[in-house]
Amino acid sequence: MTSFLNIAGVSKRYGDVQALNNVSIEIRENEFFALLGPSGCGKTTLLRALAGLESLDSGVVTLANEDLLSVPANKRPVNLMFQSYALFPHLNVYDNVAYGLRREKLDSTEIDQRVHDVLKTVGLLDQKDRRPSQLSGGQKQRVALARAIVKRPKILLLDEPLSALDKKVRSEMQLELKRLQHEAGITFIIVTHDQEEAMSIANRIALMDKGEVVQVATPVEMYSAPKTKFVADFIGTSNLFAGTLGSGNISVAGKNLPIPSTQLASGSRAVLLLRPEDISLSATGEITGTLVSSNFYGGSSLLFVDCGFEQLVKVSCALNQVPSVGSTCHLSWSAADSILLADA
Amino acid sequence: MPNRLGWLRIPLYGVLVFLYLPISVLIFMSFNKSDAPFTWTGFSTKWYSVLISSPNIMEGFKNTLIVAIVTTIISLVLGTLLAIGLARYQKSSSLEAVALTPAIFPDLALAIGLLALFTSLHLTLGLHSVIISHALFCMAFVTAIVRGRLAQIDSSLEEAAQDLGDTAVGTFFRITLPSIKPALIAGGLLAFTLSLDEFVIAFFTNGPSSPTLPIVIYSMVRFGVSPEINALATVVLLISALIVTIAQRNVKVQDQL
């Protein structure tokens with residue numbers, strides 16, 4: 001598939017802060033794409049630049065092979081759903097949603113039809129005469145969404161759309177966003193700092209750190225084949241053992257751990273990544289430690305085992321096999337399940 | 001909880017009496033039949049008819065209305081633009097302080113300064129010079145109120161309007177102005193009342209031919225308080241009270257939004 005939105009070498013500096021540093025991403029048509037990263041990584045700056053609310057110092061952005069950056073914000077075929085929703089408080093739901101269509105000078109029957117349809121899609125037809133202050137958080141979020149998609153943009157940008165909602169409503173809205181993206185056939189770009197959200201909602205993710213793109217991949221690739229230590233640490237739950245490579249093993253805090261086959265030279269610094277679900281409790285193990293605590297997560301528990309490393313080792317464990325706190329645990333894993341990363 | 005106050009009611013009512021007794025005496029005496037201003041002889045509304053038939057007072061009232069209305073319009077437009085400018089482009093807080101201090105200048109200092117300025121510019125004094133002077137300090141009040149409102153509203157509203165395809169001018173009239181409307185009403189009414197009974201600055205910056213109402217009252221009481229002054233003061237009081245009530249109601253609406 002060819003790229004639809006092509007972001008090539010964009011940079012932006014605010015005083016001493018390099019908000020975006022030579023960022024290049026290719027986004028496909030009808031993709032649900034996530035810009036993920038810790039706060040201050042530049043993801044929101046990039047999103048606002050795509051919407052036309054922020055200028056860039058250098059770089060090129062094309063949408064369907066046409067230059068996007070020279071088009072003013074109010075003429076771009078791109079709409080942004082704001083983190084604060086930015087609903088107009090003096091207008092009711094209907095007028096909020098109709099706002100963008102009226103600016104296009106469409107005739108009133110078409111406006112009425114489209115507003116009606118979109119309100120029905122998000123399930124707010126009954127609330128159309130209400131003011132934003134009379135709506136719940138989830139309802140406001142739907143109005144903001146309806147107001148943006150009713151314009152039928154080529155790309156819908158969503159800035160932390162679910163961050164203001166409580167956890168239960170959030171997972172409902174994640175499903176709803178997926179459904180809407182599918183039905184409307186619009187390319188969605190979502191900005192989030194929540195890796196679980198990005199993993200569950202997006203087709204592909206760009207993980208950003210300090211103004212740079214670290215890795216662009218599908219959620220599964222990102223989890224199973226992280227490119228750097230930062231990715232491994234940011235995505236999912238992980239055990240990271242930093243040490244020095246020997247021949248066929250890595251020396252971490254005086255213990256030699258087995259490693260998968262690697263291109264890295266013996267004697268170099270490296271990090272061994274082990275996911276909690278790849279470690280199992282057994283009679284004899286690679287490492288041995290004491291169970292410090294266990295956290296219950298519905299179907300399984302996460303054990304924290306003190307094996308004499310800097311951090312406790314996290315092990316996921318079926319409910320009926322959780323040992324008592326204080327008991328000795330032998331941990332084992334297959335070296336093929338572990339991932340070895342260079343430590344910069 | 002009405003019964004919680006207990007003995008604290010005594011000082012409460014004491015303070016209320018202290019605050020409102022003078023005003024009550026004034027209103028009461030304005031309905032006095034007697035020609036002496038403070039000796040009650042019976043009920044009458046004759047002093048209100050005297051007011052209406054007095055050309056001096058009616059002239060002063062007309063001048064005051066002209067000054068208050070024009071002042072309100074000028075200070076609303078300039079004060080709002082200043083507030084928006086401060087909110088959007090302000091880089092230093094001292095700029096904001098400079099814009100707002102005219103509101104707390106001592107009247108006398110401002111009056112003398114304005115008079116000195118007008119004289120050195122060879123500007124003839126009259127209602128226009130009063131209007132300029134009133135607009136100067138009323139604008140600072142409007143700026144303060146509108147600036148406060150702007151600080152409360154979500155700054156991404158204007159961005160959202162542009163994102164939805166609106167122009168900068170359209171955004172101003174469709175989004176910015178409606179969101180600060182309560183502050184505009186409150187600020188405008190405040191400017192109107194401030195100008196309505198302003199004496200010191202008007203006294204210094206006015207010409208001899210067109211006195212405003214406070215100046216007319218001042219020249220009347222110089223030769224002793226006559227009973228129609230009570231009636232006039234009552235009318236001014238009622239107008240001010242009415243306007244302040246409306247203004248406050250709008251500020252409350254603003255808080256709820």
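Guide: Helices (H or I, at least four residues) and strands (E, at least two) are DSSP runs, numbered from the N terminus. Residues are numbered from 1 along each chain as its sequence is written, and chains are lettered from A and ligands numbered from 1 in the order in which they are written. The model is predicted: local features need pLDDT of at least 70, side-chain atom pairs count only at pLDDT 80 or more, and totals for chains, interfaces and linings use all residues.

Visitor: How many helices and strands does chain A have?
Guide: The C-alpha trace of chain A spans about 75 × 45 × 40 Å along its principal axes. Of its 344 residues, 40% count as buried. Among contacts in chain A with a separation of 6 or more, 63% join residues 24 or more positions apart. The count for chain A is 8 helices and 20 strands.

Visitor: How many of the 11 residues of α2(A) are buried?
Guide: The buried residues of α2(A) are Val93(A), Tyr94(A), Asn96(A), Val97(A), Ala98(A), Tyr99(A), Gly100(A) and Leu101(A). Their cover includes α3 (108-121) and α4 of chain A. The helix α2(A) is largely enclosed by the rest of the structure, because the buried residues number 8 of the 11.

Visitor: At what angle do the axes of α2(A) and α4(A) cross?
Guide: Two packed helices are described by the angle between their axes and the distance between the axes. Axes are lines fitted to C-alpha atoms, for helices over the stretch in contact, and angles run from 0 to 180 degrees between N-to-C directions. The axes of helix α2 (residues 93-103) and helix α4 (residues 137-149) of chain A come within 7 Å, and they cross at roughly 30°.

Visitor: Why is α2(A) described as it is relative to α4(A)?
Guide: Angles under 35 degrees count as roughly parallel, over 145 as roughly antiparallel, 65 to 115 as roughly perpendicular and the rest as oblique. The crossing at roughly 30° therefore makes α2(A) and α4(A) roughly parallel.

Visitor: Which residues of α4(A) meet α2(A)?
Guide: On the side of α2(A), the residues are Val93(A), Asn96(A), Val97(A), Tyr99(A) and Gly100(A). They meet, in α4(A), Val143(A), Ala146(A) and Arg147(A).

Visitor: Is Tyr85(A) buried or exposed?
Guide: Tyr85(A) sits in the loop between β6 (78-81) and α2 of chain A. Its phi is near 70°, a positive value in a residue other than glycine. Because Tyr85(A) has 23 C-beta neighbours inside 10 Å, this residue counts as buried.

Visitor: Where is Ala64(A) found?
Guide: Ala64(A) has a phi near 50°, a positive value in a residue other than glycine. With 14 other C-beta atoms within 10 Å, Ala64(A) is partly exposed. Its place is the loop between β4 (58-63) and β5 (66-67) of chain A.

Visitor: How far apart in space are Ala318(A) and Pro77(A)?
Guide: Ala318(A) lies in strand β18 (residues 313-318) of chain A. With 11 C-beta neighbours inside 10 Å, Ala318(A) counts as exposed. Ala318(A) and Pro77(A) are 241 residues apart in sequence, and their C-alpha to C-alpha separation is 50 Å.

Visitor: Which element gives the largest share of the side of chain B that touches chain A?
Guide: The contact takes 15 residues from chain B and 18 residues from chain A. On the side of chain B, the elements that give two or more residues are α7 and α8 (168-179). The largest share, 6 residues, comes from α7(B).

Methods: Contact = placed C-beta atoms within 7 Å. Buried ≥ 20, exposed ≤ 12 C-beta atoms within 10 Å, placed from the backbone.
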